[in-house]
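Here is a brisk report on a single protein model. Look over the sequence and the fold before reading on.

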Amino acid sequence: MSTKREKREPKKIDVELTEEMAEGVYANLVMITHSSTEFVVDFVRLMPGLPKAKVKSRVVVTPGHAKRLLKALADNIRRYENSFGEIKEDDSSPHLPMNLGGSVGEA
């Protein structure tokens, strides 16, 4: 008989990664918009000299998942910097007017 206090084994999730997806896509700009129910994260490739930037990937998550992503990124950045040194921030990043109709953050 099991009790609620017993440690439950974490469920394992079988995650499939296709060859095409494993290659990834390059993005050098991230645009984030949100509503009361979701966060939309657009990964953009901005190329010098071209008048248009293209969204290369869009990920839509719940606010709870967005917060867990924030924590996971912060943890991974901390571990990266412990191994390789501080990541220097580049102040030359574009500050374009990119509001697409919602609350916007930029990374």
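The sections below cover the fold, the salt bridges, the surface patches and one loop.

## Basis of the model

This is a predicted model, in which local features need pLDDT of at least 70 and side-chain atom pairs count only at pLDDT 80 or more, while totals for chains, interfaces and linings use all residues. Residues are numbered from 1 along each chain as its sequence is written, and side-chain values use heavy atoms, with hydrogens and water left out.

## Overall fold

The protein chain has two helices and four strands. Their order along the sequence is α-β-β-β-α-β. Helices (H or I, at least four residues) and strands (E, at least two) are DSSP runs, numbered from the N terminus.

The protein chain has 107 residues, and 9% of them count as buried. Buried means under 20% relative accessible area, exposed means over 50%, and partly exposed lies in between (1.4 Å probe, protein chains only). Accessible areas come from the Shrake-Rupley method with a 1.4 Å probe; for residues, only the protein chains shown count as cover.

## Helix α2

Helix α2 has 22 residues. From first C-alpha to last it reaches 31 Å, close to the 32 Å expected at 1.5 Å a residue. That expected span is 1.5 Å times one less than the number of residues.

## Salt bridges

The structure holds three salt bridges. Each is a side-chain nitrogen of Lys or Arg within 4 Å of a carboxyl oxygen of Asp or Glu. One of them pairs Arg58 with Asp42, with the closest N and O atoms 2.6 Å apart. Arg58 lies in strand β3 and Asp42 in strand β2, so the pair ties together parts that are 16 residues apart in sequence. Arg58 is exposed, at 54% relative accessible area. Asp42 is buried, at 3%.

Asp75, Arg78 and Arg79 are linked in a network of salt bridges. Asp75 and Arg78 have their closest N and O atoms 2.3 Å apart. For Arg79 and Asp75 the distance is 3.1 Å. Asp75 and Arg78 both lie in α2, three residues apart, about one turn of the helix. Arg79 and Asp75 also both lie in α2, four residues apart. An α-helix has 3.6 residues a turn, so residues three or four places apart point the same way. Asp75 is partly exposed, with a relative accessible area of 29%. Arg78 is partly exposed at 43%, and Arg79 is partly exposed at 43%.

## Surface patches

Leu69, Leu73, Ile77, Tyr80, Phe84 and Ile87 make a nonpolar surface patch of about 600 Å². Patches take residues with over 30% relative accessible area and no salt bridge; like charges are joined within 9 Å, and nonpolar side chains (Val, Leu, Ile, Met, Phe, Trp, Tyr) within 5 Å. Leu73 is found in α2. Leu73 is partly exposed, with a relative accessible area of 47%.

Glu86, Glu89, Asp90 and Asp91 form a negative surface patch. Lys and Arg count as positive and Asp and Glu as negative; His and the chain ends are not counted. The place of a charge is taken as NZ of Lys, CZ of Arg, CG of Asp or CD of Glu. Asp90 lies in the loop between α2 (63–84) and β4 (103–106). Asp90 is exposed, at 51% relative accessible area.

## The loop with Met47

Met47 is found in the loop between β2 (39–45) and β3 (54–61). Met47 counts as partly exposed, at 38% relative accessibility. The C-alpha atoms of Met47 and Asn28 are separated by 8.7 Å, and these residues are 19 apart along the chain.
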